[in-house]
Each structure stands twice: as structure tokens, then as C-alpha cells.
Amino acid sequence: MIDVNGLSVKYGDKVVLNDVSIKLAAGIIHGIVGLNGAGKTTFFNALAKTLKPDAGLIYLNNAPISIRDSAYLETVNYFFSGITGNEYLKIFRQTNPDFNQHVIQEYFKLPLDELIENYSTGMKKKLAILSVLKQDKPLFILDEPFNGLDLETNKILEIILTTLKQKDKIILLSSHILEPLLTICDKIHLLENGQFIKTYERSDFAGIDEALFGKLKQDAIKNIASAI
Amino acid sequence: MIREINGLGLYLLFFIFAGGYLAYYFYRQFELEKNAMYVIAFLAIACLALQFQRKDKAFIYKHISNPYLQVFSEYVALTFPFAITCIFTKSWYGYPLLLLLLCVIPLLNVRLRQNTVFKNLSLLIPAGQIEWISGIRKNFITFSFLYLAAVVTCWIKILPLFFLWMLTIIITSFQQEAEPLQVLREGFKSPQKFISDKLKVNTFYMIVLYAPLLIVNTLFNHDSIVINLLFIPAQLSVVFFAVCFKYSSYKPGKITPGNNIPLAIVSMGSALPYLLPVPAILSFLYFNRAKHNLKKYLDD
């Protein structure tokens with residue numbers, strides 16, 4: 001269980017996360033949604049300890065969260081230039097005893113002997129996913145994991161996430177497209193203006209679209225129809 | 001260039017001092033007409049090495065309206081303090097000659113094909129040393145040429161040291177790219193242990209590469225023993241500086257095409273007897289700065 005208490009993050013004068021408190025249970029896939037600038041990535045960065053919050057505490061199973069606790073798949077996957085996929089994967093020690101690269105590779109079909117800079121966006125994402133899966137962590141944070149992936153790999157990723165869930169991991173996902181989250185998540189937390197304003201259970205997912213886009217759709221239908 | 005200079009902060013004073021001394025040293029060489037051409041060649045080769053190594057070439061040649069003029073003027077500005085004194089000496093013609101050479105360098109917008117060479121390099125160098133794997137792979141032509149040149153000339157006085165010194169410049173360029181945070185955190189080391197391990201690895205590889213050649217060189221040139229003994233520590237201090245400098249401003253995923261000015265000055269410093277302590281002092285100062293900066297990413 002992750003317990004976030006009074007988390008606040010500011011960039012200069014701009015408050016990005018404002019006194020956020022939330023509990024995130026294990027064995028559940030949590031979706032984090034919000035419009036651009038809502039603070040999703042900042043929230044993830046705070047959990048992964050890649051930034052220092054201005055206030056607040058984050059606990060994992062009643063102990064302060066550590067940099068060792070999370071496997072973090074960032075939105076943009078940056079790799080060191082001039083190394084191959086195989087070399088990148090070798091950097092990470094395999095702490096997940098069940099991880100079998102060859103099995104996943106049969107589905108990902110990555111050219112692991114080639115330089116990473118020659119990879120497509122989707123291939124880079126798959127490589128980053130492989131490196132994340134190699135690690136046995138209680139918390140998996142995946143920021144926009146579906147970006148750039150083809151339909152088949154999207155489905156594979158869903159299977160991977162479900163397997164992690166069955167292993168009682170805490171899984172946090174974000175996506176700028178709502179649909180994959182509606183399929184895979186058990187709970188979706190709506191982040192708005194730096195605060196979680198509502199948590200939707202699976203049975204309430206139908207209301208998310210309206211909550212996020214209700215007003216936008218009303219205006220847009222009228223305005224766009226007259227503009228094109 | 002302005003951004004790089006601003007980023008130096010108070011350490012700029014050190015570079016001004018080192019640069020000032022270097023300019024004075026070169027002036028003395030220009031006065032000796034026979035040495036002037038060596039200095040001009042040295043400056044031109046330094047700019048050439050810089051041109052091959054810089055990571056912003058693709059951006060400049062694609063987006064700047066007159067890239068050749070831009071790159072040329074950068075090298076003129078960089079060499080100006082060191083070369084301008086030439087025109088006040090008997091070797092005045094050296095400066096126009098340097099400008100002529102600098103005119104050619106921007107035309108060398110070499111972009112090697114992204115072929116994967118040495119696919120099994122990680123069998124020789126552990127995958128954790130990505131700087132060395134990536135650096136050797138990206139610079140394998142220059143790297144091999146310089147090392148082979150040093151091997152072939154290892155019995156000649158001073159000359160192999162010049163090639164190895166050039167090789168050190170290539171090795172320092174391995175440190176221009178910041179690794180992703182996940183890679184930095186692999187192993188969960190403290191900042192001090194992390195940087196110390198990096199320095200140990202670099203020391204190991206440089207001793208393996210340089211020591212045999214220097215031993216052979218000393219056997220053939222007994223009177224060069226002091227220079228040869230000092231050579232490895234001098235080159236190590238430059239690489240140490242490059243490592244510490246990189247981590248003193250490390251940000252995840254940040255590509256640091258910069259570092260060129262301080263590294264160029266420190267590299268030159270390692271070749272001049274009276275400037276030898278400068279890279280070592282700067283390495284120590286930047287070691288502390290790097291430790292402090294890495295605390296943000298490695299400390300819980």
C-alpha cells in the first residue's frame with residue numbers, strides 16, 4: 001500500500017501538486033488521468049523520487065518510500081547513444097527471478113543487437129518495458145506506456161500488467177488516451193489542478209468521459225461545426 | 001558557448017588563469033619561429049578534434065542559416081586568445097595560416113553511418129561501462145588510428161605521447177552524455193561511491209591502454225622517464241575532471257554537448273608542465289560539486 005500524505009510540489013511560483021493525499025492499494029492497477037498540466041508526471045516523479053517534494057510524505061507499506069522501491073517507465077524513453085539493446089538490458093541486474101527475456105522477446109521481436117538510436121519510438125518503449133520487467137519492485141510506475149506501441153504489443157502490455165497485478169504489485173498507469181485505461185485499470189483517479197478530485201471504481205468508469213470532457217464536448221460540437 | 005561559460009560560475013577564474021597562462025606560453029613559442037608552426041598545428045588539430053566530437057553538429061547544420069560561418073566564427077573565437085599574439089612576432093604569418101585551416105574545418109561535417117560495429121563489445125567491456133562502450137563504438141576510427149599510431153611510434157621520443165594525448169581528448173569526450181536516471185541508480189550507490197567507481201574504471205582502462213606503450217618508450221628513451229612517469233597521472237587528471245564535470249551538472253536524460261571549453265583548456269593544460277596541477281585541482285573541486293549534485297538523484 002502506498003500512502004501519500006499532503007504532497008505538494010511547486011515549480012517556482014506554480015503549484016503543480018497541492019496537498020495531495022491518496023492511498024493506493026497493492027494488487028490493483030491504478031489509472032491516473034487528468035488533462036495536460038494536471039500534475040500526473042510530477043506525481044509519478046515524486047513517487048519515483050526523481051524530484052524532491054516541497055511538502056508531504058510518501059510511505060510504502062508504512063515505511064518511507066525509497067528509490068529502490070519503484071520501477072519507473074517514463075513518458076519519453078531516453079537511452080545512452082552508441083549502445084545496443086542487449087547492452088542496455090545487461091546494465092540492469094535481474095532481480096526478478098521469474099523474468100525470462102527470451103519469452104517476452106518472442107512477442108516484442110526487438111533487434112537487440114542493433115544500436116538503440118536506430119529503433120522506432122515503439123521499439124524504444126518495448127526496450128524500456130523489458131528493462132523495467134527485469135526488476136523485482138513492489139511499485140511499477142508507467143507513464144504513458146501505450147505511446148507508440150502497435151495494437152498487438154498493446155495487448156501484450158495488458159497481459160504483462162495483469163500478471164504484475166496477480167503478483168500483488170502496485171501498478172500506476174497514465175495515458176493521454178482514456179480507452180486503454182478503461183480496459184485495464186481497476187481504479188481510475190482523476191487529477192485536476194494538482195489534486196485528486198475523484199476516484200472511480202470500475203463500475204463508475206462510464207462517468208469519467210463526461211467528467212473530463214463534458215463541457216469541452218458541448219462547446220466543441222457547437223464551435224467546430226461552424227468552423228469547418 | 002555563452003551558456004557554457006555562464007555554467008562555470010566561480011570556476012571561470014580557474015579557466016581564465018589557465019587560459020591566460022596558455023596564451024602566454026604560446027606567445028613565447030611564437031617568438032621562437034621554429035616552434036610557431038607546431039603551436040598553429042596544435043590549435044588547428046584541437047579544433048579539428050572538437051569538430052569531430054561535438055554533438056550539436058546535426059542541429060547547427062540543419063537549423064542555423066549559415067552554419068559554416070557560425071562554426072568557423074566559433075573556432076576563431078576559441079583560438080583567438082591563444083593565437084592572436086602570433087601577429088606581434090616574427091611568426092606573424094602563422095595566424096592567417098591558422099585562419100585558413102579553420103576555414104576548412106566547418107566543411108568537415110562528418111556524419112558516420114549508424115552501423116552497429118563491435119556488437120560484442122560488452123564481452124570485453126562490462127555493460128555497466130556504457131561510456132566506454134558507446135565512446136569506442138562512436139569513435140572507433142579516430143580511437144584506433146591514434147592508438148595504432150602510438151603503438152607504431154612507441155620507440156620514438158615524445159611522438160607517441162602526442163598521440164596518446166590526442167587519445168585522452170577522445171576519451172574525455174566519452175563523458176559528454178548523461179546517462180538515464182535508471183542507469184545512474186542501478187546498483188544504488190552513494191554519490192561518493194558512484195563517482196569513485198567511475199574514476200577507478202577510467203584509471204584501469206587508461207593504465208591498460210597507456211602503460212605498456214610508456215614502458216616501451218622509456219626502454220628506448222631513458223632520458224624521458226620523468227615525462228613518461230608523469231604522463232599517466234596528467235592524463236588521468238584530465239579524464240577525472242571530465243567525469244566530475246559531467247556529474248557536477250548531471251540531469252537525467254540531459255545531453256551535454258558542452259563541456260568543450262573547460263575540457264579543451266584542461267586538456268591543453270595536461271600537456272604543459274607548469275599547468276599540470278590545474279586539472280588535478282579542478283578534478284578535486286568538481287568531485288565535491290559532483291557529489292553534491294548527485295545527492296539529489298542517489299540519496300534517499
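## What counts as buried

A residue is buried here if 20 or more other C-beta atoms lie within 10 Å of its own, with C-beta atoms placed from the backbone. By that count, 38% of the 300 residues of chain B are buried.

This is a predicted model, where local features need pLDDT of at least 70, side-chain atom pairs count only at pLDDT 80 or more, and totals for chains, interfaces and linings use all residues. Residues are numbered from 1 along each chain as its sequence is written, while chains are lettered from A and ligands numbered from 1 in the order in which they are written.

## Chain B on its own

For 300 residues, a compact globule would have a radius of gyration near 19 Å, and chain B agrees, with 19 Å. That radius is taken over C-alpha atoms, and the globule rule is 2.2 Å times the number of residues to the power 0.38.

## Two domains

Chain B is assigned domain 1 (1-111) and domain 2 (118-300), with bounds from an automatic or database domain assignment. Taken over C-alpha atoms, the centres of domain 1 and domain 2 of chain B are 22 Å apart.

## Where chain A meets chain B

Contact means C-beta atoms, placed from the backbone, within 7 Å. On that basis, 23 residues of chain A are in contact with 24 residues of chain B. Helix α2 (residues 85-91) of chain A gives the largest share of chain A's side, three residues.

Definitions and conventions: Contact = placed C-beta atoms within 7 Å. Helix = DSSP H or I, 4+ residues; strand = E, 2+ residues; numbered from the N terminus. Buried ≥ 20, exposed ≤ 12 C-beta atoms within 10 Å, placed from the backbone.
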